[in-house]
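The sequence and structure come first.

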Amino acid sequence: MTLKGKIMFASVATSTMTIRRVEMQSTLDRLVETLRLGLVAHRQRQALRGMDAARLADIGLTERAALAEANRPFWDVPASWRR
């Protein structure tokens, strides 16, 4: 490939390593984002666990619904939170 008079060269090995690096970065990025969202969800769920019935009623939740939400695993975040 020529770019403004310069000859560009990439071996199959180099391009394969580059593709793997990009794939790993995107996998790592997804993992980091999942963990970040999981921690946010965990903090919110623990806050729900600490609310009394009156406060839960103010936000439209029953104690049973709040407890069910608080018991969800940290990685189980709403789909709307993901990009």
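## A buried arginine

Arg45 is buried, at a relative accessible area of 3%. Here buried means under 20% relative accessible area, exposed means over 50%, and partly exposed lies in between (1.4 Å probe, protein chains only). This is a predicted model, in which local features need pLDDT of at least 70 and side-chain atom pairs count only at pLDDT 80 or more, while totals for chains, interfaces and linings use all residues. Residues are numbered from 1 along each chain as its sequence is written, and side-chain values use heavy atoms, with hydrogens and water left out.

Arg45 lies in helix α1. Leaving aside neighbours within four places in sequence, Arg45 is in contact (heavy atoms within 4.5 Å) with Glu69, Ala70, Arg72, Pro73, Phe74, Asp76 and Val77.

## Overall fold

The chain has three helices and two strands, arranged along the sequence as β-β-α-α-α. Helices (H or I, at least four residues) and strands (E, at least two) are DSSP runs, numbered from the N terminus.

Of the 83 residues of the chain, 11% count as buried. The accessible surface comes to about 7,100 Å², and carbon and sulfur atoms account for 62% of that surface. These areas come from the Shrake-Rupley method with a 1.4 Å probe; for residues, only the protein chains shown count as cover. Among contacts between residues at least 6 apart in sequence, 58% join residues at least 24 apart.

## Salt bridges

The whole structure holds four salt bridges, each defined as a side-chain nitrogen of Lys or Arg within 4 Å of a carboxyl oxygen of Asp or Glu. One of them joins Glu69 to Arg45, with the closest N and O atoms 2.9 Å apart. Glu69 lies in helix α3 (residues 63-70) and Arg45 in helix α1, so this pair ties together parts that are 24 residues apart in sequence. Glu69 is partly exposed, at 24% relative accessibility.

Asp76 and Arg72 form another salt bridge, at 3.1 Å from N to O. Asp76 is partly exposed, with a relative accessible area of 30%, and Arg72 is also partly exposed, at 28%. A network of salt bridges links Arg45, Glu69, Arg72 and Asp76.

A salt bridge also connects the side chains of Arg36 and Glu33, at 2.9 Å from N to O. Both residues lie in helix α1 (residues 12-49), three residues apart, which is about one turn of the helix. Arg36 is partly exposed, at 45% relative accessibility.

## Nonpolar surface and aromatic pair

Leu28, Leu31, Val32, Leu35, Phe74 and Trp75 make up a nonpolar patch on the surface, with about 580 Å² of accessible area together. Patches are made of residues with over 30% relative accessible area and no salt bridge; like charges are joined within 9 Å, and nonpolar side chains (Val, Leu, Ile, Met, Phe, Trp, Tyr) within 5 Å. Leu35 lies in helix α1 and is partly exposed, with a relative accessible area of 38%.

Rings of Phe, Tyr and Trp (its six-membered ring) pair if their centres lie within 6.5 Å; planes under 30 degrees apart count as stacked, over 60 as edge-to-face and the rest as tilted. By this rule there is one aromatic pair. The ring centres of Phe74 and Trp75 are 5.4 Å apart and the planes stand at 80 degrees, so the pair is edge-to-face. Phe74 is partly exposed, at 33% relative accessible area, whereas Trp75 is exposed, at 53%.
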